[in-house]
Amino acid sequence: VQLQACGGGLVQAGGSLRLSCAASERTVTSRGWFRQPPGKEREFVAGINWSGGETYYLDSVKGRFTISRDNAKNTMYLQMNSLKPEDTAVYYCAATSKVGLTTRLSDYKYWGQGTQVTVSS
């Protein structure tokens, strides 16, 4: 499975961005978004199970970010609102080989190339 992420950019604090992640084929497995701030390790941001009925978020993004997926289009989204400078990072989409939702980086087998999100203060 190949993943292609897009939608990053430069935005002022309080602004919004919508990331998209298109898959090369249909997968009935869970997917997620991770991010890697400058000089820091990659961290889980949000995950969604195969049907879209179950989601999970990093505490610091709850209420601001929304993960969703459209299986008919093989595409996953991350709507990011009320962005903060600390959200600045390279954002990666990823897919597992599991049906159930997982937050563990090691469970994610397929990765997109990353898209830069920069939030200015």
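Let me start with a definition: a residue is called buried when its relative accessible area is under 20%, exposed when it is over 50%, and partly exposed in between. R64 has 9% relative accessibility, so R64 counts as buried. Keep in mind that this is a predicted model.

R64 has a charged partner. As a general point, side chains of opposite charge can pair when their charged atoms come close. Here the side chain of R64 forms a salt bridge with that of D87, at 2.8 Å from N to O. Where in the chain do R64 and D87 sit? R64 lies in the loop between β6 (55-57) and β7, while D87 lies in the loop between β8 (75-80) and β9 (89-96). The two are 23 residues apart, and the pair links distant parts of the chain. Is D87 buried or exposed? D87 is at 0% relative accessibility, so D87 counts as buried too.

This pair does not stand alone. R64 and D87 belong to a network of salt bridges that also takes in R35 and E43.

Over the whole structure, a search gives 5 salt bridges. One of them joins K62 and D59, with N and O 3.0 Å apart. How accessible is K62? K62 has 46% relative accessibility, which makes K62 partly exposed. D59 has a relative accessible area of 59%, so D59 is exposed. Another salt bridge connects R104 with D107, where the closest N and O atoms are 3.0 Å apart. D107 is buried, because its relative accessible area is 13%.

Now to the strands. In general, strands of a sheet pair through backbone hydrogen bonds, and the pairing is either parallel or antiparallel. In what order do the strands of the open sheet run? This sheet has 4 strands in the order β1-β3-β8-β7, and the pairing is antiparallel.

β1 pairs with β3, residues 17-23, in the antiparallel sense over 4 bridges. Which residue in β3 is the bridge partner of C6? That residue is S20.

To recap, R64 and D87 meet in a salt bridge, and that pair is part of a network with R35 and E43.

Methods. Residues numbered from 1 in each chain as written. Predicted model: local features only at pLDDT ≥ 70, side-chain atom pairs only at ≥ 80, totals over all residues. Heavy atoms only, no water. Pairing = 2+ DSSP bridges. Salt bridge = Lys/Arg side-chain N within 4 Å of Asp/Glu carboxyl O. Buried < 20%, exposed > 50% of the residue type's maximum accessible area, 1.4 Å probe, protein only.
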